[in-house]
Amino acid sequence: MKLSNVISARFDKEGSTKLKGYREDGGYETFLKVLKEKRDPAQLIDEVKTSGLRGRGGAGFSTGMKWSFVPKDSPKPKYLCVNGDESEPGTFKDRQILEKDPHQLLEGVGLASYAIGAHTAYIYLRCEFKQGIATVQKAIRKAYEAGLFGKDIQGSGYDLDVHLTMGAGAYICGEETSLLNSIEGVRPYPRNKPPFPAVEGLFACPTIVNNVETISNIPHIIKNGADWHAKLGHAEDPGSRLWCVSGHVEKPGVYEAETGFKLQDLIDGPCGGIRGGKKLKAIIPGGSSSKVLLPDEVAQVTMDTPGIRAMGSSLGSAGIIVLDETTCMVDAVLNLMKFYAHESCGQCTPCREGTPWIVQILERIERGEGREVDLELIEDLASNIEGRTVCALADGACWPLVSIVKKFRHEFLAKIPAAARKEAVTA
Amino acid sequence: MIKLTIDGQEVEVEPGTTILEAARTLGTEVPHYCYHQDIGIDGNCRICLVEVNGNTDKLTISCKQPCGEGMDVKTESDAVVKARKGVMEFLLINHPLDCTICDQAGECPLQDYSYHYGSGDSRFVEQKRNKRKKVEFSDKVVFDGERCILCTRCTRFFEEVRDCRPIGVENMGGKSTITLGPNGPIEDPYQLNIVDICPVGALTSQDFRFKQRIWFMDFAETVCPGCAKGCNITAGAYQGKLLRFVPRRNPDVNKSWMCDDGRLSYDDYNITERTRGAKVAGADASFEEALAKIGELVGDGSGVAVLASTSDTCEELHAIRTWAGKVGVTHLWHGAETWEGDDFLKEEDATPNTAGAQRLGFTPVPTEAPSLRGLVVAGDCPVPPALLADLDFLVLQAPVAGELGEAAMVLLPGLTRVEKKGTWVNCLGHAQKVQPALEPGPGVREDWELWRDLAGEDWTTLKAVTRAMEAASGSSSDTPLVASES
C-alpha cells in the first residue's frame, strides 16, 4: 500500500501555515503566472475537465464540468464559494488543509475564481473549526498584504476579494444551496434544483460551490498539467485523495493515497489493522451517508468510484468508518439516525417526519420492544423518503440505514422478543 | 408553445408554465399544500410529486417544475401514489387528528387528501410529538403547533405579499415550529389572510374559532361591502346571522386577499332593530299610501334633491334616477363615507359603488348646495346636516332610520349592503355581481321594487331593470355597469 503526498506534502513542515514558507516552496507561482500570461479562463476550465478531477465533498461530480456550466454571457457577477462546512460524520480531511496548509487552498481559490470569472470568493467554514478559522483568516490577511488578493492583483487588471464566513453549527449548511442561503443570511433550507447554483446561486448569480480539498487540488493541476493528474490512481476517477479513517483500527487518521488502492490494504497496512487483533465487522466507506460494506466486500473493494459502485456503495467524502466485532449494529445505526433526525432542517415532509419516526422505531427495538414487522416498516419508510426530498440529506440517511438493516438483520432480530417474531404473530 | 403529455393527454402550454398549472388546464388537480398561486413557490410539502419520463427513482415536484417539450408526465402512477401516501402518512403521524374540534374541518385539504391517499389505520405505534398549542400570534390569530404541517405559506405570505416578517420558523427537523418574531404580536392589518391560506387548522381566527361548523353554514359568493375596492368574498352565515367574510380569488381585483377591517366588518350587518313597513308622519302606513305621499310631496320636483347611497346597486340607482327623471327632480347626488385607506387593497372610500353611481349620473353633494324644499334619501348613507336646514319635507328610505327617522315625513325600509342583489362597480372600474348573504325578513321590500313602483315602470324582475339600465346608459366594455357572466 503506497501512500502519496500531493495535498498533504507540506502538512508536517514547520511553519506550514505561513505565507513565507509556502512561497519558498513555489507557492502562488502558478496563480501569478496565470495572471501574468492572462491565460484564457476557458482553457483553464478545459484543463481541469481533462484532469478528471471529481469533487471531494461527497457527490463526486466532475469539477471542470461544473465550472463549464457557468453561463459565459451572464451580465451578473459570478461567485466562488468554498465549502469548508465539513460535518459529515467520519470526515476530517478539510480540517487538515485549513489548519496545516491554508495557502494551498487560497492559491486554489485564486485560480478557480479566475477560471470562472469570479471577483468575489467566500470561504465558508464550520464554526467549530476554531483553529482552522484563525489560520485561514490570518492567511487571507497575509495574502492581501502581499498583494495576492485585492484590486488589480500584481498589475494584472484582475480583482479578487476573498471573504471568510462561518456557519452556526448545522450539518445542513454543508449542502451547497443551504450554504448559499446561510451566506445570504436567510434560513439555510436547501433550495430546489434546478436552477443549479452555477446558473443561479449566491444572491441569484452564477456560483460555483467547491469543497476545500477540491479547490486545494487546483494549483497542482494547473502547475503540473491535466495529464499529470489524469495519470494518478484509477483512470476513471484519478487523483490523490485524503482518506479519513476512524473507528476500530490501531492507527486512525488522515492518509493520502491515489485512488484505486484496495481498502483492505489501507486497513491492514498504514492503519495497523483492527484494534486489539479483533475481527472486522463492517465498514461505512464514504462518510456516514454511504452504504455499509461487509468484511468480504471490504476484502475485494478498490477505492475509486467504479470500484466502490460495483460494491453498491459510494466514496462520498472519503470518511472510512471501521467497526469491529464488538459493535452492536442496531446501536450504531440508531446513533447515526439520531444524527440525521437532529440535523434534518425540517423543510420537507418526508425527512422532517420520517427520520425521527425511524429513530423512535430503532429506540423501541433497542428497548426490546421491537417487532419483526418493524424491519419491513423501516425499509418501506426509507423508500418513501429516498428520492422524495429537496436535498440529499434524507438519501444519505437512508443508505446506511437500509443497508445495515438488510445486511445485519440477524442482529435486529436478536433484539426482538420471540413473541413479536413473524412465526409467533402468524401462528 | 410547449407540447407535452400529461396522463396520456397531449397539452400545449406557454413556456414557463409549471406541470401543476398545465395539469389544471386538463382538469387534473394535483394535490398540494405548500403551493399557493398568489405566493411564491417553495416545494417543501412534497405531495405534488409526479413522475416525469418514467423516472421513479426521483419524482418531480409539479408545483415548481416548468413543462418541457415532449415531457411525459404521470400524476397518478404507482410510484406517485406510493410517494403521496407516504407523504400523507408522514404528515399525519404527529398530527393530533382532532378534526372533531378543529375549525378547519370541512375545508381542510389534509382531511380531503386523507380520503384519497390516507389509510384507515396507522403504522405509527410511537408516542406523538408534542408542540406548543394555543399560541396567540395576535388578538386576531391563534396558532396550534401540533396541527401545523410547516408548509410555510403563512411566513411566505408576510415576506412576499406584505414585505414583513412577524413570524418565522424556529428550531429544526421534527422540532421545527412557526413562531412569533422578537417584535411581539403580529400587527399587520392583513394578517387574517394567513388563516385562510393555512391548509390545516394550525392558524385560526380568534373571531371565528369555535363559532360554527362550516357544513351547517350558508354561503354567498359576493363582494366585500366595506370599501370601493370590492374584494371578492364568500360570506358565511348561520341561521340568518353573518359569521364571517373570507376572500374569494379574483386575479384582477384582490387576488386571494382582503384586509382585516373589511373582513371583520361582517358583524356591522347583523342588525337587530330595523325599519319594517312604511310610516307617514310617524304613523304606520301601507307602502301604497307612503308612495302616494311621496308623489304628493315632491310635486313637480322643483327644489327637491335625491341623495342616494353609494352602497345602492346600479340597478337600484337606475330605478331611482328613472323616477327622478319622470317627476322632474334634477339634483341627483350621491353620499360619501370614508375610513382610513392604505396602499394595498383598502380604499379610503368606504362604500362599494361610488364608481357605479357616478357612471349613472349621480354627483357628489355640491359644497354650496342650493336651498331645498325637500330631500329624498335613498339608501343607507350619512346626510350632511347642511342639507337638512330649511327643508319642508324629508323622505328617508333606509334599513335603520336612526335619529333622522323622527324627522322624516315618509319613512321606508331598505336592504343592508349584504342583503342586496345586483351590481357594484369598484374603484378599478370592474362591474361585479353582488349576491345576498342574508334575508331581510318581513316588512322589507327590495329597494328596486319600491323605486320601480314610484316610477311606474313595469319591470317584473331584477333582470328587466338591468336590461333597461343597459339600454338607457349605454353600458360599454370600457365602463361596464353589468357584471360579465363568467
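Which residues does B:Glu419 touch, not counting residues up to four places away in sequence? They are B:Arg274, B:Gly414, B:Pro436, B:Leu438, B:Glu439 and B:Pro440, where contact means heavy atoms within 4.5 Å. Before going further, please keep in mind that this is a predicted model, in which local features need pLDDT of at least 70, side-chain atom pairs count only at pLDDT 80 or more, and totals for chains, interfaces and linings use all residues. Residues are numbered from 1 along each chain as its sequence is written, chains are lettered from A and ligands numbered from 1 in the order in which they are written, and side-chain values use heavy atoms, with hydrogens and water left out.

Let us stay with B:Glu419 for a moment. You will find B:Glu419 in the loop between strand E21 (410-412) and strand E22 (422-425) of chain B; helices (H or I, at least four residues) and strands (E, at least two) are DSSP runs, numbered from the N terminus. With a relative accessible area of 4%, B:Glu419 is buried (buried means under 20% relative accessible area, exposed over 50%, partly exposed in between, using a 1.4 Å probe and protein chains only). Its side chain makes a polar contact with the side chain of B:Arg274, at 2.8 Å. A polar contact is a pair of N or O atoms within 3.5 Å; within protein, one must be able to donate a hydrogen and the other to accept it, and residues adjacent in sequence count only if both atoms are side-chain atoms. A polar atom of the B:Glu419 side chain also lies 2.8 Å from the backbone nitrogen of B:Thr416.

For contrast, look at B:Ala407 in helix H10 (residues 404-407) of chain B. B:Ala407 counts as exposed because its relative accessibility is 55%. From B:Ala407 to B:Asp144 is 263 residues in sequence and 53 Å in space, C-alpha to C-alpha.

Stepping back to the whole of chain B, there are twelve helices and 23 strands. The C-alpha trace of chain B spans about 85 × 50 × 40 Å along its principal axes, and 56% of the 486 residues of chain B count as buried. Among contacts in chain B between residues at least 6 apart in sequence, 65% join residues at least 24 apart.

Finally, turn to chain A. Helix H15 (residues 349-366) of chain A meets helix H16 (residues 372-385) of chain A, and the residues involved include A:Trp357 and A:Ile361 in H15(A) and A:Leu377 and A:Leu381 in H16(A).

Terms used:
Axes fitted to C-alpha atoms, helices over the stretch in contact; angles between N-to-C directions.
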